[in-house]
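Hi there,

Here is the structure I promised to pass on to you. Have a look at it first, and then read on for my notes.

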Amino acid sequence: RLSEMVRALKARVVKGLALIEVGLDFSDQDIDQISRQQLRAELGEMVADACNLADTFEGTKRRQDGYLVAMVGRPNVGKSTLFNALLGEDRAIVTPIPGTTRDSIEGLTTWSGEAIRLVDTAGIRQTDDPIEIAGIERTTRALLEADVVLAIFDCSAAWCDDDRAAIDLLSGENVLVVFNKVDLARRLDRSKLESVGASVEVSALTGSGVDKVKRAAAELLPVRRDVDGVGITRERHYDCLSCAIRSGQNAVGLIDAGEPDECVAAELQAGLGALGEMLGEGVEEDVLDSIFSDFCIGK
């Protein structure tokens with residue numbers, strides 16, 4: 001199906017190039033002058049279709065490699081315990097000592113049929129420890145890359161400045177607030193978190209609510225953009241499509257600027273070559289085949 005879609009893009013470029021080449025190479029024949037607006041429209045449709053297909057790359061690649069779900073919170077809110085519970089295995093070291101997790105720990109799992117890369121990050125707090133500072137910097141990077149962020153807060157502890165520091169790192173609509181340790185007496189002022197995002201309660205220690213966290217996080221995953229059920233997963237395919245898109249856009253720009261047909265043809269040749277490379281097919285004869293099939297040349 002992907003090959004069919006790329007061949008359709010290629011056919012549009014071939015048609016446009018043939019319209020130009022027939023005027024350049026067979027000017028002595030009795031052929032009507034091409035309409036630049038017709039050519040521009042043809043190329044515009046090709047660029048739009050190619051862009052739609054190229055836009056599937058990021059989402060499809062994420063789905064294949066796993067969506068990134070990052071956990072953030074101050075030390076001792078139970079991130080590592082919840083991390084282990086969500087994975088179903090003991091990956092992170094769990095101790096009552098604040099700052100035990102100083103580096104990012106990653107595990108692979110599946111939620112609602114989607115591959116998940118779950119990351120337990122270093123606890124957010126004010127510290128002079130260079131190792132912890134480096135870990136917090138990695139936490140910040142993980143949050144920027146994450147598809148979903150689990151913001152963990154300890155229901156059994158009063159609000160503190162480190163909780164505020166964790167909130168300050170959050171942005172966007174991909175945040176799920178997780179109130180942990182609901183099996184203990186509740187002391188947290190939840191009103192400070194009302195505007196952060198959707199929330200769910202859990203006890204990582206007992207396992208209560210763990211499935212709710214998985215389901216709620218899965219609902220926040222970005223929707224994959226497919227075109228008729230097709231998405232590209234290979235970076236080589238994405239690069240080829242990107243080249244074809246740039247060439248098509250450049251050709252449209254040259255047409256709008258009134259530049260010579262030779263310049264437009266050069267851009268289309270580059271785009272045609274990129275699509276041929278994506279398909280693993282040669283393109284040397286395609287334009288001539290189109291010319292001799294669509295025009296009365298040499299008769």
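Before the rest, a word on the model. It is a predicted one, where local features need pLDDT of at least 70 and side-chain atom pairs count only at pLDDT 80 or more, while totals for chains, interfaces and linings use all residues. Residues are numbered from 1 along each chain as its sequence is written, and side-chain values use heavy atoms, with hydrogens and water left out. Helices (H or I, at least four residues) and strands (E, at least two) are DSSP runs, numbered from the N terminus.

**The sheet**

Six strands form an open sheet in the order β2-β3-β1-β4-β5-β6, with mixed pairing; two strands pair if DSSP finds at least two bridges between them. β2 and β6 (198-201) are at the edges with a single partner strand each, so one side of each has no neighbour in the sheet.

β4 pairs with β5 in the parallel sense over six bridges, and four bridges join β4 to β1, also running parallel. V149 of β4 stands opposite A70 and opposite V175 in β5.

Seven of the seven residues of β4 are buried, so this strand is largely enclosed by the rest of the structure. Buried means under 20% relative accessible area, exposed over 50% and partly exposed in between, with a 1.4 Å probe and protein chains only. On one side of β4 the buried residues are V148, L150, I152 and D154, and on the other V149, A151 and F153.

**Helix α4**

α4 (residues 79-87) is mostly covered, with seven of its nine residues buried: K79, S80, L82, F83, N84, L86 and L87. Those residues pack against β1 (67-72), β2 (105-111), β3 (114-120), β4 (148-154), β5 (175-180) and α7 (210-219), where contact means heavy atoms within 4.5 Å. Just after α4, G88 takes a positive phi of about 80°.

**Helices α8 and α9**

The axes of α8 (residues 235-256) and α9 (residues 261-279) come within 8 Å and cross at roughly 165°. Axes are lines fitted to C-alpha atoms, for helices over the stretch in contact, and angles run from 0 to 180 degrees between N-to-C directions. Among the residues that meet are C240, L241 and L254 in α8 and V264, L268 and L275 in α9.

Happy browsing!
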